[in-house]
Every structure is written in C-alpha cells, then in structure tokens.
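I set them down in the order in which I looked things up.

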Amino acid sequence: MTRATLQRWLDDKGWPAFLIGLPYLWLVVFFLLPFLVVVVMSVATKTTTAPPFSLGGEHPWISLDTYARILTDGLYLRAFLTSLVNAAIATFFCLLIGYPVALGLTRVSHSWRNILLMLVILPFWTSFLLRVYAWMGLMGKTSWFNVMLTDAWNFLVPIDWAVRSIPMMHSNFAVILVMVYTYLPFMILPLYASLERLDPTLDEAAMDLGSRPARVFLDVTLPQSIPGIIAGGMLVFIPAAGELVIPTLVGDAGSPMIGRLISDEFSQAKDWPMAAAIAVALLVLMVGPTMIYSRYQAKAEGST
Amino acid sequence: MKRRPTFLISVMIFGFAFFYIPILSMIVYSFNASRLATVWGGFSTKWYVALFTNDKVIDALILSLKIALVSATISTILGTMSGIVLARYTKFRGRTLFSGLVTAPLIMPEVITGISLLIFFILLGNWIGWPASRGFTTITLAHITFSAVFVTTIVHARMLQADRAIEEAAMDLGSRPWQVMFDITLPVISPAILSGWLLAFTISLDDVVITAFTTGPGSTTLPLLIWSKVKLGVTPDINALATLMVVTVGLGVVAAGIIMNRAEKRRQAEERLAFQRND
Amino acid sequence: MAEGAAQDAFLRIEGVSKSFGSFQAVRDVSLTVGKGEIFSLLGGSGCGKTTLLRMLAGFEEPSAGRIFLDGRDMAGVPPWERPVHMMFQSYAIFPHMTVEENVGYGLKHDKGMSKADRANRVAEMLELVQLTPFAQRKPHQISGGQRQRVALARALARQPKLLLLDEPLAALDKKLREQTQFELMSIQARTGVTFIVVTHDQEEAMTLSDRIAVMDKGEVRQVGSPTEVYEFPNSRFVAGFIGSINTFEATVIARESPHLRLSVPALGTEVLARDVAAVAVGQAVTLAIRPEKLRISRERPEAANALAGTVRDLAYFGKDSLYRLDLAGGGMVQAHAVNARRGDEGARVADWDDAVFVGFDPASALVLVT
C-alpha cells in the first residue's frame, strides 16, 4: 500500500472510524455489557457461593422465579406503587410551583431574568446530597422550622389536637417534599425554555381580540407550553421513581421505594438475581415515560 | 398596558424562599456552638476548625478531586467525539444503537447503573483477574461513562447550531477531515466543550450512588464520607462542610456567570460598533 | 375626500406623547381620521409610528394627550375592551389552532352570539379572504400570503370600528405585495371599516391610502392625500422621504407673480419657481425638483427654465431610464425619461458624455423653507 492510498484511507474511513469507534466501544463495554449482565442475572438462581448466583449446572438455565415473586409478593408490588405515586405527586407539585416561576421568569426585565435564572441553577450545581441533608436539618423534631410549624399548628387547632412536634422525617411526605425541592430546577428550566420561545405578540393578538389576561393564559400560553410541561414532568418523574438517596435518608423504612429495595436486595439479602429482576422491571416501567419524554423534548426544542 | 403580575411575583418569591431557606439555615447552623445540630447554642467556628484538622475529610476531598479531574477530562474527550459524531455522521451502521447508548445513561436510574457496573466489575475480576480490587480505577471508569453522555448532549446541541459551511470552506481550502476538526470544529465549539467539562467535573464530584457501588475498601470519596455520616443523622461538622462546598460552588458559578455576561456584553458592543462603522 | 374626512372625526388623537424613560417615542401628535378612511402612518424605523399604533390598540397608554374613538375617550380602556383590532406585522397567528379557530377566536367573547351565528360569521370571513378550502389547516400548512389573509379575517371578524394594520405587506414578496394591496382596498371598501396602516414603504402608503401622515422622530411632519404629500411636500424631509428629488440651495431674488425668481449657484443660472406666500425676497430657501419633471433634450427647450449639462451616467430600467447630468454650474441633477418607443440604442434621448439640455416648468419647481 502506498503512502497516498494509506492517506486516502485515513481521510475517508480511518478518521470517522476512530471518531465513531472509540466512544462506541467505550459505551458498549462499560454501559451495554454491564446492562446485559443485569438482564441475564435476573433469570439466574440465587446460591450461597461467591459470587452468589448460578446459571446452569444443577439449576435451570433460565429461572423466572424472580419475576414471579415480583408479581405475587405484596412487598414488591407495594414498593412499585409507592415509588410511582411518590414520583407522580412530586412531579405534580414541581409543576404547580415551577410553572408560575418559569412564567414569571419570562415576564421580568432582562437583567433580573439573568440573576433569577442563575439562582434557579445555583442549587443544581451544589451537592445533591447536601440539598437533601439541608432538609433533614429543617425537618428534625427540634429544628426551628419544625418548632415554628408546631407552634402554628397548636395555635390554630383545638387543644386536644396539640402536638409536641410534627413528625415529618421518615415519611412519604418527607420523601415527596425533598424530591420536589431537589428536582424543581429540572422542571423550571425546560418550562422556561419553552415559555421563553413563545411569541409575545400572540398574547397581544389574543388581548386585542377581546381576551382578558387570564383567558390569554388559558387560550394561548398554556396550550403552547404543553411540550415543555411534559418534558419537565418526565425529567422529574423518571429519576424520582428510581430515587435511592432521598428515601434512604428521609423515607419511611416500612414502605421502601424501588431504588432502596434494589439496593437492599443486592447488598443486604445478597440476592443478586432478585435485585437484577427488580431493576429490569423498573426499566420496563420507565420505557413508556421515556418515549413520551423524547418525543416531546424534540418538540419542545424544535419550532412548533 | 404593563401591569404588575402580582400572582406570579408572589409564587416566585415563595419558590426562591423554598430554594434557599434550607441552604441558609444550614449555613447559619454551621456556626452553632452546640453539639446538638438543630438547637442553637451560640456562635462558634469550632466545626470549621475540626473539619480542617480531620485527615479523613482532607483525604476524601483529595481523592474526589483526583477522580473528578481524570474522569472529567476523559469523559470530555469521549463525549465531544460522540457529540460530533451524532451531529455530523448521520448514516453509519449501528447509528440507532449508538444514539440509544448516549441517551440511555441519562435516564437510567443511578441504582441500576451502579449495580450493573458492580456486578460487571466483580465478574470481570473473577474471569480475567482485572480489576483485582475496586477503588480509584473502577470509580473513575464509572464516572467517565455517565458523565460522557452529559458532555455528548451539550456538544451535540452546540454542533447543531454551528454553521456547517465553515467546515466545508476549510475542506474546500484543502484541509483533511482531521485537520478541519482541530482547526475549525473544536475551536468553534470550545465554549460547549468547556461547559461540558465543568458539568462532568461537578457530576463526578457530587456522585454518591454509583460511587457507592463501584468503590472498594479504603477508597472513600467526599460524598461517600458525607453519605455514611448523614445516614446517622444531622451533625454540625457536616453543616460546616456543606457550607464550605455551597459557598465555593456558589462563588464559582457567580464568577463564571459574571465573566460570561461581560464577554457577551463586550461582543454585543463590538458588533454595534462595527455596524455603525459600516453605516 | 380629505377635507370631508377631517370634519367627521371618527378617530381623534389630541396632543398625544409617549416616553419610554428618557426616550420620547411620540411627541405631541394630533390627528383626525374619518369614518371609512384608509389612513397611513408613514415613516422610517424609530419614527414613532408603531408606538402610536400600539397606543390606539391599547397596548401602551399615552404619557400625555388623549385619544377619542367615535366620541369615546379611550384612556384606561384595556386592549380587550377596545372595538379596535390589529393585524400584526408577524401576523401573530395562533400556531396551535386551525385557520377556522383563529378566525373565530375573537367571536368567542361575544356572549350573546349563538354557535350557529358564530360559525356563519367565520364562514363569511373565510369567504371574504378566499380561504374557505383551508379552514381546517394549521398555520404551518399554509403560505405566507394565506397567513396574512387569516390575520386580516381574524381581525375583521368582530366588526371592529378601527382596524390597525402594522406593516401589512412587509412580509410578502414583491409580486404578491402588489396583488394584496388591491385586495386590501377592495375588502376595506366592502366592509367599510376604518383602516390605520403603519408602513415604512412610501409606495405602499401612496397606493393604499386616502390620506398619509408622514412621521419623523416622533412627530407628524405632514398630513395629506398622496398627491398632496408628493406634489406639495411642506419640507425637505417630506420631499426627500417620499420619492426621490433633486435639491439645491437657492436665494429668492424677486417675486414675479405667480412665480419667484431664484438664484441657484449650483445650476449656474436663475430659475423661475412656483410662488410660496411664506417666503420673502432675499430669503435663503431650497429648490426641489422631482426627476420625472425634468425633460431632457438635445436642443435648448422652449421651457421657462432650461439648463445645459452633459450625461455623466445613465441607468436603464426598462420602462424608463435614469440620467445623471453634470450641470454647467457645477451641480448635478437626476432626471427620469420614459422609454416610450421600443428600439435599439439609438432610440435613447441621449448617451454617455452627450451634451444635453434639461427643461422644467416653474409649476414643478418647489420652494421649500424648512
């Protein structure tokens, strides 16, 4: 092979092959392969060997025991339900707070807008763990926040209902509250992006044709921001459903969420196939929302 | 017809209070003299002193920074490559799988990524003897994998905005594909690459779940150290550590914001000036 | 027409000003518009015409002055309560609604209107703008010209007292623009709605309007029919803004009724012009002549004013040609000549470097003071 043909090969095939091949190979080895291992693991049998599983030998090659347990054991079904309900409620409240904030961001002056946007993004850059931790401080029985809420409660209700403190920690309430707190930026940013792109003259046109501001919002702004609502909603819902840190720190150990269950099955029960099966089941549940998300994200980013 | 949107403003005030009251409360209580983390016992900086004299914390911080530095750099290279591939090579065999692979880690719950990597590393260790033990290397490999896809997203978005014609102009003027990339593409998208690196660095520095699964004995990163302490409850020294981290990151982000804002303003002013000269 | 309209003041703008911070967008504008008129606000960008339009629509409140529509003071009336509808420059078609829903949008607010009446009205409007076959389309499925007609039908559906059109033709290409101009005029004639048109395009203003207000830096410089503002501009600004014009520094040396005798150094000769009452002998003025009022000839013409020159440059446009002539006095003029005869190069009045004469009537020579 002459130098020239080698050079041509490099330009035509070699360079793209390198650009595509290196990241491709990396992701196949460190993402796809481990994931396939998990899928295979989910149909293996638990043993007391190290590693604690077996495929073949005296055990069946494919055992669907794990999946059968997920569908029949109330513990797993409850965990799935708890996760989905908690994630849905958190998504709803993120939307409830996030929408007006995002809309407000598009209405303030430009200099204010940059400052406020930075304030929205800032917590996102600070440690996730510490944001959860900050609420642990507030929700504790002796914290100023709990004391303040307790006093307010005792002031408002009949004396028989008075409490010494409000039991916030280790409950689904705490999980949802902290999820709303940590995921709110994920709701605000896509919403802001889709609202900011709306043409303000459309609002004026609706007003000009006789709509009051509230009506303008319902007829013009809201319908056009649906892609943003769905993108933001999925961006909160998907990670919230698989959340591990928040339920571990502030959740109720009696009604665990899926993420915590996977981790417990794996590390404490040493039941790798079971952990793998729950993981696969969670992913299957997430396929729908993910597809909705990618469709609407493309819509929210593209033109109309 | 400019009316004050009172409702929006009140929700915004509530929203920002919701964002910042927990953080501010944490900062205030980091100066609490009391050992009981949530009961005020006077002003003190002793927890900061304790922090700086705690070797465990210092070691964990150094390990975290090392991992973040290495993984951010490698993941930026990989992520930039795949971002360019996604934007420029629209037809090659396996592209559908490729684009699936660069988005899946974004939405994969961290527990699952963590467990799959752990099982993978254990089995690999059993079969081929590598990795013999888990620690710096396995954590870094895991971090590279999931931060690379964030870099990919940023670079891809920037590439879609970039003008294809300038690359074609360079080719037309005799540059080979790899020269075009180094002479034209990379300089044009360099701000995106930089923000990709910063994001990868922060993600790595912040990660707890995947790190918890891929770490081994003796390799405790700062988030893991915090995680193990926080699981036991609220302690004043974590308040102090949290305050330092929040303030550092906050100052960094604000400084970056101001610098970028200035650069943008200068660019606009220059454009205006050039425009006026043309008139 | 112009006088009649002014008497029956349907829209009255009284001393309206608008400031944004320290910037004064509109300064003390007073105008009256008659019912059924097409009235244009003409000016360059930043002249305040759009701000004035937005004050009529109710999006901005005047900083000073008042606006009366059909006898009603509009101060404090929000946009959604004004019987004034607007056709936006971008058309502002709601992208998530069909053509039909867009046109019917405003009618939803008329509580007294039955569903059937509403549907009839929408159908009637679609018919008016010839969009009936497109009723179910979404805005991104129709062309720019069709979008423009959707915007028009939507604004007309509620039978506004006043229709505001913000650069109605700017987004269309040249061919479509000419056709749409006539459509707009015929729709206006059929509906009888008063149109206020904002435009920067003087040709558009001339064809469409009954009357034009020429604006500059927030002020109205001249109001009049297209003929008035073109033939009798009241200032150098208006003369230069509408059409092209040759201007020269001049001094009045004598009043020779019905003419003025001017000395014009750049022309190297004295010139007779239309008398203007406001000037005095000895005053420094500007002489202005439109290029098409100049006649080029090889021989010295019989006209009262004749200048000698050479052809410096000429541009052939097909139906006419533009000549640039160097004059004996050192000045330069532009002259338009219609290419009435078809023919070869020889058919031209003159060629490069030819010595020629230009002649013009005193009646077409304008004397401008400001």
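The entries below concern a predicted model.

**Entry 1: Chain A by itself**

I began with the secondary structure of chain A, which comes to 13 helices and two strands. I then looked up the radius of gyration of chain A and found 25 Å, well over the 19 Å that the globule rule gives for 304 residues, so chain A is more spread out than a compact globule. Along the principal axes, the C-alpha atoms of chain A fill a box of roughly 70 × 70 × 35 Å. I noted that buried residues make up 54% of the 304 residues in chain A. Of the contacts in chain A with a separation of 6 or more, 69% are between residues 24 or more positions apart.

**Entry 2: Where chain A touches chain B**

I turned next to the contact between chain A and chain B, which takes 79 residues from chain A and 81 residues from chain B. The area buried between these two chains is about 7600 Å², and carbon and sulfur atoms give 85% of it. On the chain A side, I recorded A:Phe31, A:Trp125 and A:Tyr133 as the residues that lose the most area to chain B, together 11% of what that side buries.

I also looked for polar links. I found zero salt bridges between chain A and chain B, but nine residue pairs in polar contact, both residues at pLDDT 80 or more. Several helices of chain A give two or more residues to this side, among them H3 (74–107), H7 (172–196) and H13 (272–301). The largest share, 23 residues, comes from H1(A). By class, I listed 63 nonpolar, 14 polar and two charged residues on the side of chain A that touches chain B.

**Entry 3: Cis peptide bonds**

B:Pro131 lies in the loop between helix H5 (110–128) and helix H6 (136–161) of chain B. In chain C, the peptide bond from C:Ser257 to C:Pro258 is cis, with omega near 0°. I placed C:Pro258 in the loop between strand S11 (246–256) and strand S12 (259–264) of chain C.

**Entry 4: Positive phi in chain C**

I recorded a positive phi, near 50°, for C:Ala92, a residue other than glycine. C:Ala92 sits in the loop between strand S6 (84–87) and helix H3 (99–104) of chain C, and at 2% relative accessibility it counts as buried.

C:Glu167, which is not a glycine, has a positive phi of about 45°. I found C:Glu167 in the loop between strand S7 (162–166) and helix H6 (174–191) of chain C. C:Glu167 is buried, with a relative accessible area of 6%.

Key:
Residues are numbered from 1 along each chain as its sequence is written. Chains are lettered from A and ligands numbered from 1 in the order in which they are written. This is a predicted model: local features need pLDDT of at least 70, side-chain atom pairs count only at pLDDT 80 or more; totals for chains, interfaces and linings use all residues. Side-chain values use heavy atoms; hydrogens and water are left out. Contact means heavy atoms within 4.5 Å. Buried area is the accessible area (1.4 Å probe) that two parts lose on being put together, summed over both. A salt bridge is a side-chain nitrogen of Lys or Arg within 4 Å of a carboxyl oxygen of Asp or Glu. A polar contact is a pair of N or O atoms within 3.5 Å; within protein, one must be able to donate a hydrogen and the other to accept it, and residues adjacent in sequence count only if both atoms are side-chain atoms. Helices (H or I, at least four residues) and strands (E, at least two) are DSSP runs, numbered from the N terminus. Ala, Val, Leu, Ile, Met, Phe, Trp, Tyr, Cys and Pro count as nonpolar, Asp, Glu, Lys and Arg as charged, and the others, Gly among them, as polar. The radius of gyration is taken over C-alpha atoms; the globule rule is 2.2 Å times the number of residues to the power 0.38. Buried means under 20% relative accessible area, exposed over 50%, partly exposed in between (1.4 Å probe, protein chains only).
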